[in-house]
Amino acid sequence: MTTAARPYRGVFPVSPTIFHNDGTLDLEGQRRAIDFMIEAGSNGLCILANFSEQFVLTDAERDEVMTAVLKHVAGRVPVIVTTTHFATHICAERSRRAQDLGAAMVMIMPPYHGATIRVTEAGIERFFQSVSDAISIPIMIQDAPVSGTALSPAFLARLAREVENVSYFKIETVQAAAKLRTLLELGGDAIEGPWDGEEAITLLADLDAGATGAMTGGGYPDGIRQILDPYFAGDRRAAMAAYERWLPLINYENRQTGLAAAKILMKEGGIIRSDALRAPLGPVHPATRAGLIELARERDALVLRWSR
């Protein structure tokens with residue numbers, strides 16, 4: 001059982017997957033990362049996403065991380081589990097397993113493989129219909145450039161109307177705000193959760209377009225809350241000021257460090273012992289790492305003092 005009622009709103013950052021220096025799973029560090037993210041103000045969490053390095057995990061490791069996190073969270077906040085897979089039945093099985101363990105929602109990309117293998121709109125609709133039939137929790141469709149799949153607002157709105165559990169959309173394409181507006185115009189009440197993504201780099205524009213949630217990196221949910229809370233309270237001027245304050249760090253994560261950011265900050269703050277990425281991914285250049293930490297320290301990000 002989760003502690004937050006639908007519709008889910010606010011910041012649901014992606015949790016990094018924590019490894020030891022040798023690349024093996026560090027579940028103790030994982031639990032500490034989760035505790036920090038909750039105490040830093042996360043309204044919910046997402047695990048096993050691309051920013052979690054889900055693509056370097058075995059199926060057994062995915063299940064181990066999911067089981068450990070959902071047990072440790074124990075309903076304190078809703079948890080979204082990414083269950084993306086090209087095969088319909090595997091995605092459905094992953095989604096059912098996540099639901100059975102207590103996930104509040106699953107996040108799924110449209111089926112794709114490599115640079116050229118894509119599925120037609122009819123095939124994508126059948127895919128999401130089959131996954132929806134296997135579960136009773138919401139599905140968030142992740143609309144991101146990495147899939148190379150064009151998902152028009154009209155098609156997404158149709159999925160929301162016709163596929164029972166498809167009701168949340170994480171939009172992180174170019175001109176996301178315009179897409180969110182059109183999606184809401186076409187989908188109406190069938191769109192339960194229009195969400196922002198891509199580390200919140202377009203957050204204010206997306207909020208103005210109607211976004212009610214943000215899926216960001218996991219390093220500074222306290223900073224994202226400083227933007228969201230006043231905005232949802234009707235104080236756009238305060239939200240704008242907070243966005244301007246945090247945007248240099250958001251931009252640095254988005255353009256310089258990528259998925260390494262949260263782990264770099266968590267290690268620097270003493271939350272985890274290692275910020276290792278799993279091979280073939282390599283470490284961030286020391287100068288780039290220092291730049292990220294400098295920006296976080298200037299903004300007094302909780303990650304750098306939570307465990308002190």
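**Reading buried residues, cores and pockets**

Visitor: Where I look at a cysteine such as C46, how do I decide whether C46 counts as buried or exposed?

Guide: The structure shown here is a predicted model, and the value to look at is the relative accessibility. Since buried means under 20% relative accessible area, C46 counts as buried because its relative accessibility is 0%.

Visitor: How many disulfides does the structure hold, and what is the nearest cysteine sulfur to that of C46?

Guide: A disulfide requires two cysteine sulfur atoms within 2.5 Å of one another. The structure holds 0 disulfides; C46 takes part in none, its nearest cysteine sulfur being that of C91, 13 Å away. Seen from the other end, C91 is likewise in no disulfide, with the sulfur of C46 as its nearest cysteine sulfur at 13 Å. C91 also counts as buried, because its relative accessibility is 0%.

Visitor: Which residues have the most contacts inside the largest nonpolar core?

Guide: The general idea is that in soluble globular proteins nonpolar side chains tend to be buried together. In this model the largest nonpolar core has 91 residues, and those with the most contacts inside it are V81, F128, F169, L203 and M266. Helix α9, residues 236-257, gives the largest share of this core, with 7 residues.

Visitor: Which residues does V81 touch when residues up to four places away in sequence are not counted?

Guide: Setting sequence neighbours aside shows what the fold brings together. With that exclusion, V81 touches I47, L48, M66, L70, A98, A103, M105, V106 and M107.

Visitor: What are the volumes of the largest pocket and the second largest pocket, and which residues are the closest to their centres?

Guide: The largest pocket has a volume of about 380 Å³, and of its 19 lining residues the closest to the centre are N50, F51, Q142, E172 and E199. Its lining divides into 8 nonpolar, 6 polar and 5 charged residues. The second largest pocket has a volume of about 300 Å³, and of its 15 lining residues Q54, T84, H85, F86 and Y112 are the closest to the centre. Both α2 (59-73) and β5 (112-113) supply at least two residues of that lining, which has 6 nonpolar, 6 polar and 3 charged residues.

Visitor: Which residues does a cis peptide bond join, and where do E198 and D300, each with a positive phi, lie?

Guide: Most residues other than glycine have a negative phi, and most peptide bonds are trans. Here a cis peptide bond joins R6 and P7, with omega about 0 degrees, and P7 is in the segment before β1 (10-11). Another joins A279 and P280, with omega about 15 degrees, and P280 lies in the loop between α10 (261-268) and α11 (286-298). As for phi, E198 has a positive value near 50 degrees; E198 sits in the loop between β9 (193-196) and α7 (203-208) and counts as partly exposed at 28% relative accessibility. D300 has a positive phi of about 55 degrees; D300 is in the segment after α11 and counts as partly exposed at 45% relative accessibility.

Notes:
Residues are numbered from 1 along each chain as its sequence is written. This is a predicted model: local features need pLDDT of at least 70, side-chain atom pairs count only at pLDDT 80 or more; totals for chains, interfaces and linings use all residues. Side-chain values use heavy atoms; hydrogens and water are left out. A nonpolar core is a set of buried Ala, Val, Leu, Ile, Met, Phe, Trp, Tyr and Cys residues joined through side-chain atoms within 4.5 Å. Buried means under 20% relative accessible area, exposed over 50%, partly exposed in between (1.4 Å probe, protein chains only). Helices (H or I, at least four residues) and strands (E, at least two) are DSSP runs, numbered from the N terminus. Contact means heavy atoms within 4.5 Å. On a 1 Å grid over the protein atoms alone, a cavity is a set of points where a 1.4 Å probe fits but cannot get out, and a pocket is an open set with protein on both sides within 12 Å along at least five of seven lines; lining residues have an atom within 4 Å of a point. Grid points are joined across faces, edges and corners, and a volume is the space filled by probe spheres set on the points. Ala, Val, Leu, Ile, Met, Phe, Trp, Tyr, Cys and Pro count as nonpolar, Asp, Glu, Lys and Arg as charged, and the others, Gly among them, as polar.
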